[in-house]
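Here are my notes on the model you sent over.

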Amino acid sequence: MFSLKQNSWFIRKVVIWRAVASIAWSVLLLPVTTAVFVLLSRFSLFHPIQWISGEETNCTSLLMASSTIFSLVVLCGVVLITGFFNLEFYTLVPSIPCSRMALLGTVLHPRQCVHSLVYCTMGMLVMWCASVTIGGRYSTLGTPCRQSESGEVATCLNEYHLFILLAGAFMGYSHSFLGVVQNMYYVSFQPIQQYKYPRFKGCLLMVVKCSVVQALYSARNFAALYFFFGYIPKTWISSTLNLQIDSSLQSLDSLTGLLDFSLLYHLSISGTFLYLTWYLTVLLFRIYVTEAYSFPVQSTFTEDAEQCLPKVLTEKTTLVMKFLALQDLALLSQHSLSRRLEVFSLSQPGGHPHNWNAISGECLSLLSELTQRLVAHQDAVASNGRVKSPSASSDTRSASSSSSVVSGTEGIAETPRPSVPLRTPGSVFKSSVGGANSALTAPFTPDVNSPFSSPALRRLVGQQDPQSPWSGAVQSPHIMRRGPKLWSASTESQSNGSPLASPAPASVPSPPAANQKPSFLAQWLQNRREQVKSFLAKRVLIVYLFNKLPEASSQALFADSQAHIWALQGLSHLVAASFSEDQFGVVQTTLPNILSSLVVLLEAVDRHFKLPHASSKPVRTICSMGDSTYKTLRFALRAALKTAIYKITTTFGEHLNAVNISTEHRKRLQQFLEFKE
C-alpha cells in the first residue's frame, strides 16, 4: 500500500508521476468509451438503419449535448478518485487469509468499509450519468403522473431511474468486495518486459471481456436481490421525498416487471460501461507502476549514493523501489555488459569490491531468509503444529541444512539465528521484505489482534493464550499438556559435547508454588470456557468458518517470491558472466557461499513440495481482473532455482570440483553437471 507519509525520493520522483500519467490516460480515454456507450444505448434492433444514420443518434451531436458534457465532468471526478484509491491500496505482496473467518474480518475492516461506501457512491454517480445519457424513461427520479382517484397531476417516483441507481451502488460494492477476495489491488510484474502500448493493446480485449462478464453477473444478482427486497428502498425513498407511486405501471419487484428486455439491456451496457471505466484505470496503473526502472550501479557524487543499485537493494520501507531494483538487477545481469563490469569493479582508492559485496550479500540474505522460513514451516508441520524449543529444534534439524544455511551466508550477510523458535505460519501474514504491518501491505493484512481473528489464526502466527491448558505442545485436544523435561537440555548438550546453554527466562516456566492454587471461581470459569470451546468446535458453521483453506499456507509462504526469483536470476547470471568478465576475481571469493545457499534452498523447496496441497495446481478463473499469479509463484521459484543452478554448472563445468563446498552439496551439484535433475 502507498502512504502519503512516506518521504522517499523514489515515491516523489517516480511512483507519483507514474500514477498521474495513468490517471491522465484514463481521463483521455473517457470520451471514447462514452461515445461507444452512447451509440450502444440508442441501439434499435428493429430499426438498425435509423440507428446508424438517424440524426438523433449522431455521435457528434450526442457528445456535444450539455447533459453528456456534464456527465463527462462527473466521470472525470470518478476516475480521479479511482486512481487515488489505486495508488493508496496497491500492494506488491498479496494478503492470503488462511480461513474464511480471516477473510470475513478483512471484509469487515473499517478501512475496507469506507472503501466500499466510496465505491457505492461512485457507482451511483456513474449510473446516474448513464441514465441521463440514455434519456427517456431513465432520465429523472420523479415523473409527472395522474392519480386515478382525483385525476390531479402529481409527481410520482420513477422506478426505472431508481432501479439503475441502486444497481450502480450494488455494482460498486461488488467491485470493492471482489477487490479483497480476488486481490485486485495486487500488482504483479510480467516475466517478459513489454512497452506500455503493446501491453495495453494486448490486455484491452481481456478487460472488455471481463467488464461484460462481470456486468452480466452483477445484473443477474441485482435483479434477484431487487425482486425480494426492492420494495424496501422504493417505499423509503417515496416517503422521504414525498413522491407518489404510480399504480398504473407495473412494479419492477415482480417477475413481469423484471422480464423487460429493454431494461435488462440498458442495465447490462451501463454496468459494462461502469466496470470498463474502473478496469481501464486499474490496468493503466499496473502498466505504469511495473515499468522497468534503471538504477545507476555507482555514482560519482556522494549525494546520489542513495539512488545507486547497491544502496537501493537494501531498502526495507519502500517495497516498490526494492522490487524494481531487483528487476533491474535481473535485467542488467542478462543484457548489459557495461553495467556488469561496474558490478565487478573495485573501489578507488582501496581496491575493494563494494558493489559486488552489497549486491550478492542482499541476494544471499533474501535466499537465506526464505530457506529459514521453509525449514521452520516444515518443522511446524512435522511436529503437528507444535513449536519446538530452541535447543530441540537445533538438535533435531539435519546437520547439512543447518550448517549450510549458516556457512552459505557467512562473510556476506550473515543472519543471526533468532533466540526464539521460528514460526513459519506467521509468514502467512508477514512478507519477507515488508513485514506484517508494513505500510505497503497494511490494508489487506489481517490483524491477528482484531476481534475478527480466530484462535486458529492466532495460533498460526504464534500467538497463544497463556491461560489455556492447550497452549504449547499439544497433539490432540483430548491430551493435556505435559510439563517440560528440565533435564533434556543438559543431557543432549552433554551427549553432543557442547556446553550447557542457559535457557531463556521465558522458555521454561517456573514451577508454581504449592500454596498458589487457582481459586474456585477461576477454575469454574476455565471449565466453562473449555465447554464452550468444545461445543463450538462441533458446530458445522464454526468449523466452516475457522477451517484452514487448502493451499493457503503454501501460497502465503511464497507470496513475495517474485523478489527471490529476481535475486536468483541476477545472482546466477552475474556468476556465470564472471567466468569471462570478472577481471579481478571478486566473484570467486563468494562462489562457495552462493553454491551452498542455492543447494540448501533447493533441498528446502523439494521437501516443501512433498507436503499436502503444496504441489497441487490452483483452479484457473474464467475471467477476472484480480491477478492470480501469486498462486503459482512457488512453481516459478522452483523452476528459477533449478535454472539458476544449471546456469552456473553449465558455465563452470568441471571447474566446480575445485570449489570448497561440502561433500553433500558437491554430490547434488554433480547431478546438475550430469543433467539428472
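1. Which residue lies over the face of Phe-535? Arg-539 does, at 4.3 Å from the ring centre. A second case is Arg-638, whose charged end sits over the ring of Phe-609, 4.0 Å from its centre. The rule here is that NZ of Lys or CZ of Arg is within 6 Å of the ring centre and within 35 degrees of the ring normal.

2. Some ground rules before going on. This is a predicted model, where local features need pLDDT of at least 70 and side-chain atom pairs count only at pLDDT 80 or more, while totals for chains, interfaces and linings use all residues. Residues are numbered from 1 along each chain as its sequence is written, and side-chain values use heavy atoms, with hydrogens and water left out.

3. The overall picture: the protein has 27 helices and 2 strands, taken as DSSP runs (H or I, at least four residues, for helices; E, at least two, for strands) and numbered from the N terminus. Of its 677 residues, 47% are buried; buried means under 20% relative accessible area, exposed over 50%, and partly exposed in between, with a 1.4 Å probe and protein chains only. Among contacts (heavy atoms within 4.5 Å) with a separation of 6 or more, 79% come from residues 24 or more positions apart.

4. On helix packing, the axes of helix 2 (residues 30–41) and helix 12 (residues 261–289) come within 10 Å and cross at roughly 170 degrees. That makes helix 2 roughly antiparallel to helix 12. The cut-offs are under 35 degrees for roughly parallel, over 145 for roughly antiparallel, 65 to 115 for roughly perpendicular, and oblique for the rest. Axes are lines fitted to C-alpha atoms, for helices over the stretch in contact, and angles run from 0 to 180 degrees between N-to-C directions. Residues meeting across this pair include Phe-37 and Leu-40 in helix 2, and Ile-269 and Phe-273 in helix 12. The contact divides into 8 nonpolar, 6 polar and no charged residues. For the classes, Ala, Val, Leu, Ile, Met, Phe, Trp, Tyr, Cys and Pro count as nonpolar, Asp, Glu, Lys and Arg as charged, and the others, Gly among them, as polar.

5. Now look at helix 24 (residues 561–581) and helix 26 (residues 633–652), whose axes come within 9 Å and cross at roughly 5 degrees. Helix 24 and helix 26 are therefore roughly parallel to each other. Among the residues in contact are Ile-565, Leu-568 and Phe-579 in helix 24, and Leu-637, Leu-641 and Lys-647 in helix 26.

6. Phe-189 sits in the loop between helix 8 and helix 9, Trp-566 in helix 24, 377 residues apart. Phe-189 is buried at 7% relative accessible area, and Trp-566 is buried at 6%.

7. Where is Met-625? Met-625 is in the loop between helix 25 (591–608) and helix 26, and is buried, with a relative accessible area of 3%. Met-625 and Gln-182 are 443 residues apart in sequence, yet 8.0 Å apart in space, C-alpha to C-alpha. Leaving out residues up to four places away in sequence, Met-625 touches Gln-182, Met-206, Tyr-279 and Arg-286, among others.

8. Finally, two backbone angles to check. Asn-242, in the loop between helix 10 (231–240) and helix 11 (255–258), has a positive phi near 60 degrees and is exposed at 60% relative accessible area. Phe-675, in the segment after helix 27 (663–673), has a positive phi of about 55 degrees although it is not a glycine, and counts as exposed at 57%.
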